[in-house]
Amino acid sequence: MLHQPDTMKDPDTLVGVVLNGAHGIYDVHTDQGIIRCTLRGKLKKAFAASRSTKSNPYGPKIKTKREIDGSYSVHQRQQKNTPPQNSNETAAPIRLSIGDYVKIRPIDAQTGAIEEILPRRSALSRKDVGSTTNKQIEHTLLANLDQVVLVFATTHPNPHFGLLDRYLMICESAELQVLICLNKLDLPHESDVEDAAARYRKIGYRVMFTSTQTSVGIDELRTALQEHTSLFTGPSGVGKSSLVNEIEPGMAIRTGLVSDQTGKGKHTTTGSQLYPLSNGGWLADSAGIRALAAWNIPPEEMAQGFIEFRPFLGECEYSDCLHVDEEGCAIQQAVEEEKIDERRYNSYVRIVTEEER
Ligand code: GDP
Ligand code: ZN
């Protein structure tokens, strides 16, 4: 992953990826090992400003190029795990997140200073509320990811497909590949779970069934993570941590080593943590992630996040149609003709009308 582009080479600096961070201290994975870093220069100032005001701590909104081609392109966006080389692609963020590529200046073998955040290829953010101002702010869960694993349980807790649709919309909006994982297959569950899986497969999603008890699906999931940078997310209690432990049994131990290697003891991370996978690729756990909430997705773009709606978009009578109760709406007609599943459409209406309020 850490192939340093020639243009970034500087004998005194290293490029690495941020594994975790809290209180202005970050562990950065480099080809020289893990280096514990503080921030330098304007990054430090941005961090300090965000701490004192809790408002506008973020850089320019990251632009993504949306490809509206009417096809289910969700599985065609595979990207290589190398730092973005074209700096025109995205604006470099000001505020650091795990998964960010950074240029660091080592102080000794174990410590250093982060001098620059390299441009992001992608990011997944959620809406959060500032602790002092109550203002809505963006919280980046992971930068430079290319896959999100949405984990739900077949039962205990029962899957909430409306929530899955919301998560799918958020991932589509961030142009990320999605994998739906239905865990706890060993437990007796309602047959409608299989029916739902079939519906999601039909519209183009990859759906996997897993169990950490019987190990069914674990190898398949492990293979699907290889060479990707993935984030695990979903409701609590569905088995995300258990799955992570099954996939990469040494992960927790390795995290301990990370802390020891720096010789500075454990530093508690408040957010999630990114881990290198032994078969290649990176995985971020979802510690500290309560839920995904849409960040900055305008209502008129939400229908794009429902991939099976795409062939019908642009065919409504009104160009600003939100497909809720408008006349001459191609989406509503497709629902009537059973070309779009009504449950998915109802999820869409719930989300878009909620945002409108
Ligand atoms: P998380 O909150 O999503 O990280 O869920 P956890 O990994 O903490 O798991 C929640 C509970 O579900 C724990 O009691 C696990 O032992 C249990 N669990 C996890 N995976 C499975 C599974 O595949 N089958 C069964 N029966 N229980 C599981
Ligand atoms: Zn419409």
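Which residue in β2 is the bridge partner of Val-17? In this predicted model, the partner is His-29. Strand β2 covers residues 25-30. The two strands run antiparallel and are joined by five bridges. Together β1 and β2 form a hairpin, with two residues between them. His-23 lies in the turn and has a positive phi of about 55°. Strand β1 also pairs with β4, again in the antiparallel sense, over four bridges. Here Leu-14 stands opposite Ile-104 of β4.

Ile-107 and Cys-37 are 70 residues apart along the chain. Their C-alpha atoms are separated by 9.1 Å.

Strand β9 comprises residues 177-183. Seven of its seven residues are buried, so β9 is largely enclosed by the rest of the structure. In a regular strand the side chains alternate between the two faces of the sheet. In β9, Gln-177, Leu-179, Cys-181 and Asn-183 point one way. Val-178, Ile-180 and Leu-182 point the other way. Residues of both sets are buried.

Strand β9 pairs with β8 (residues 147-153) in the parallel sense, over seven bridges. Within this pairing, Val-151 has Cys-181 of β9 as its bridge partner. The chain crosses from β8 to β9 through helix α2 (residues 161-173). This β-α-β crossover is right-handed. Strand β9 also runs parallel to β10 (residues 206-209), and four bridges join the two. Leu-179 stands opposite Arg-206 in β10. From β9 the chain passes through helix α3 (residues 192-202) to β10, and this β-α-β crossover is right-handed.

Helix α3 has a buried side. The buried residues of α3 are Val-193, Ala-196, Ala-197 and Tyr-200. Viewed down the helix axis, they fall within an arc of 105°, so they line one face of α3. An α-helix has 3.6 residues a turn, so residues three or four places apart point the same way. Just after α3, Gly-204 takes a positive phi of about 120°. Ala-196 can also be placed relative to helix α9. Arg-343 and Ala-196 are 147 residues apart in sequence, but 10.0 Å apart in space, C-alpha to C-alpha. Arg-343 is found in α9 (residues 342-356). With a relative accessibility of 49%, Arg-343 counts as partly exposed, because the exposed class starts over 50%.

Several loops show backbone features of note. A cis peptide bond joins His-156 and Pro-157, with omega about -5°. Pro-157 sits in the loop between β8 and α2. Asn-144 is not a glycine, yet its phi is positive, near 60°. The residue lies in the loop between β7 (136-143) and β8. Asn-144 has a relative accessible area of 0% and is therefore buried. Glu-227, also not a glycine, has a positive phi of about 65°. Glu-227 is placed in the loop between α4 (218-225) and β11 (229-233).

For four tetrahedral donors the ideal angle is 109.5 degrees. Both His-323 and Cys-329 are buried.

Aromatic contacts complete the description. The structure holds six aromatic pairs. One aromatic cluster is formed by Phe-306, Phe-309, Tyr-345 and Tyr-348.

Notes. Residues numbered from 1 in each chain as written. Chains lettered and ligands numbered in written order. Predicted model: local features only at pLDDT ≥ 70, side-chain atom pairs only at ≥ 80, totals over all residues. Heavy atoms only, no water. Phe/Tyr/Trp six-rings, centres within 6.5 Å; stacked < 30°, edge-to-face > 60°. Buried < 20%, exposed > 50% of the residue type's maximum accessible area, 1.4 Å probe, protein only. Pairing = 2+ DSSP bridges. Right-handed = clockwise from strand over helix to strand, strands pointing away. Arc of directions from axis to C-beta.
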